[in-house]
Amino acid sequence: MSYFVTGSMGCIGAWVMSHLVKRGEAVISFDISEDRSRLNMLLTPEEQTAITFIKGDLTNAPQVTATVLEHGVQHIIHMAALQVPFCRANPVLGAQVNVVGHLNILEAARKATLKHVTYASSIAVYGAADQYPIEPVPHDAPQNPSTLYGGYKACNEQNARVYYKDYGISSTALRPYTVYGIARDQGMTSDPTKAMLAAARGENYRIAYGGVGQMQLASDVALQFIACADQASEGAHVFNMGGEMVSMQQVVDLIQAVVPNVQITFEPTQLPFPRGFDDSALRQHAPTVYETPVAQGIAHTVEQFRDLIARGLV
Ligand SMILES: NC(=O)c1ccc[n+]([C@@H]2O[C@H](COP(=O)([O-])OP(=O)(O)OC[C@H]3O[C@@H](n4cnc5c(N)ncnc54)[C@H](O)[C@@H]3O)[C@@H](O)[C@H]2O)c1
């Protein structure tokens, strides 16, 4: 069994590879970046020898297909994407990586006669909070993305449905909200994790937004993606990840419960998203839902950062 992981040098991708390697699986890493700094926080250099590293560009269709074919890939876990600020700064490149790249993955699966693809979508496919009278927002509530990034993700979900209808390639997508934990260092919602790192360093930090949202631990998110790949269910599935709805004040209190002598503050502005999304469809589908309580996840992340700082890995 080999797992092809795109965006493997990113936060969730590195966590996916870390769990797979620790489980003894063969892993093909595919990322345009060769910067292993996130991976180095999760796996020792010895553990990383179990991985086949490919410097690859998702927008290069022949390279994506050739890599999948050459390495006897059986599972695709597609994480690579440009996040909200990068898509806003460069919309065409955003579409090339996030939309055409996704199609290149589906095409590679088709050419390799794979039956299933697992990929990352996002709650950014939904619209602004005032469009949804019910919270948590039901799984089947209408989509109305307010960012290019959300529009690309919505397009990917539709394209995956068509690949199932036309070619019988099944897929499972998860829509995380705010992923936090070791290695979460870029993107619009990375600030809570940056505050945890600052606290671990004994530094103050001001988080750029506030309000209430759902937070999912990067390790849990990675385990859920792997479980989707292993389950490989027939159909074109998309699931909200759900979880606790927490206020930024609660996040700050939880960080300061571990490190009381730093000042963590936040801007009051709520993100342009509803406060929570219903994950009952995922709960019906998946045998296991990985959901470390936020209090435990934050405390553990701060401790992990302290350890990484001591070992010179952050
Ligand atoms: N982090 C979150 O809170 C969150 C929330 C919802 C959805 N998601 C989705 O989950 C996935 C993983 O997110 P993340 O936080 O790990 O992202 P990340 O930004 O940390 O990592 C993305 C990775 O994709 C790689 N990449 C970019 N362009 C590429 C290309 N052309 N070819 C190959 N690789 C390329 C980057 O080098 C990077 O390593 C993404 O699809 C993201 O949209 C993340």
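In which loop is the place of Thr 113? Thr 113 sits in the loop between α6 (91–111) and β5. Keep in mind while reading that this is a predicted model.

Most residues other than glycine have a negative phi, and most peptide bonds are trans. Ala 183 belongs to the loop between β7 (178–180) and α8 (191–201).

As for the peptide bonds, the one joining Glu 135 and Pro 136 is cis, with omega at about -5 degrees. To find Pro 136, look in the loop between β5 (116–120) and α7 (148–167).

**A helix pair**

Two packed helices are described by the angle between their axes and the distance between the axes. Take helix α10 (residues 248–258) and helix α12 (residues 294–310): their axes come within 9 Å and cross at roughly 45 degrees. At that angle, α10 and α12 are oblique to each other, and the crossing is right-handed.

Which residues meet where these helices pass? On the α10 side there are Val 251, Leu 254, Ile 255 and Val 258. They meet Val 294, Ala 295, Ile 298, Ala 299 and Val 302 in α12. The tally for this contact is 9 nonpolar residues, with no polar and no charged ones.

**The nonpolar core**

In soluble globular proteins, nonpolar side chains tend to be buried together. In this model the largest nonpolar core has 93 residues. Val 5, Ile 12, Val 16, Ala 218 and Ile 255 have the most contacts inside it. Helix α1 (residues 11–22) supplies the largest share of this core, with 8 residues.

Ile 255 ties the last two topics together: it is one of the α10 residues that meet α12, and it is also among the residues with the most contacts inside the core. What does Ile 255 contact, leaving aside its neighbours within four places in sequence? The list is Ala 195, Met 196, Ala 199, Ile 264, Ile 298 and Val 302.

Key: Residues are numbered from 1 along each chain as its sequence is written. This is a predicted model: local features need pLDDT of at least 70, side-chain atom pairs count only at pLDDT 80 or more; totals for chains, interfaces and linings use all residues. Helices (H or I, at least four residues) and strands (E, at least two) are DSSP runs, numbered from the N terminus. Axes are lines fitted to C-alpha atoms, for helices over the stretch in contact, and angles run from 0 to 180 degrees between N-to-C directions. Angles under 35 degrees count as roughly parallel, over 145 as roughly antiparallel, 65 to 115 as roughly perpendicular and the rest as oblique. A crossing is left-handed if the near helix is turned anticlockwise from the far one by less than a right angle, and right-handed if clockwise. Two residues are in contact if their C-beta atoms, placed from the backbone, lie within 7 Å. Ala, Val, Leu, Ile, Met, Phe, Trp, Tyr, Cys and Pro count as nonpolar, Asp, Glu, Lys and Arg as charged, and the others, Gly among them, as polar. A nonpolar core is a set of buried Ala, Val, Leu, Ile, Met, Phe, Trp, Tyr and Cys residues joined through C-beta atoms within 7 Å. A residue is buried if 20 or more other C-beta atoms lie within 10 Å of its own, exposed if 12 or fewer, and partly exposed in between; C-beta atoms are placed from the backbone.
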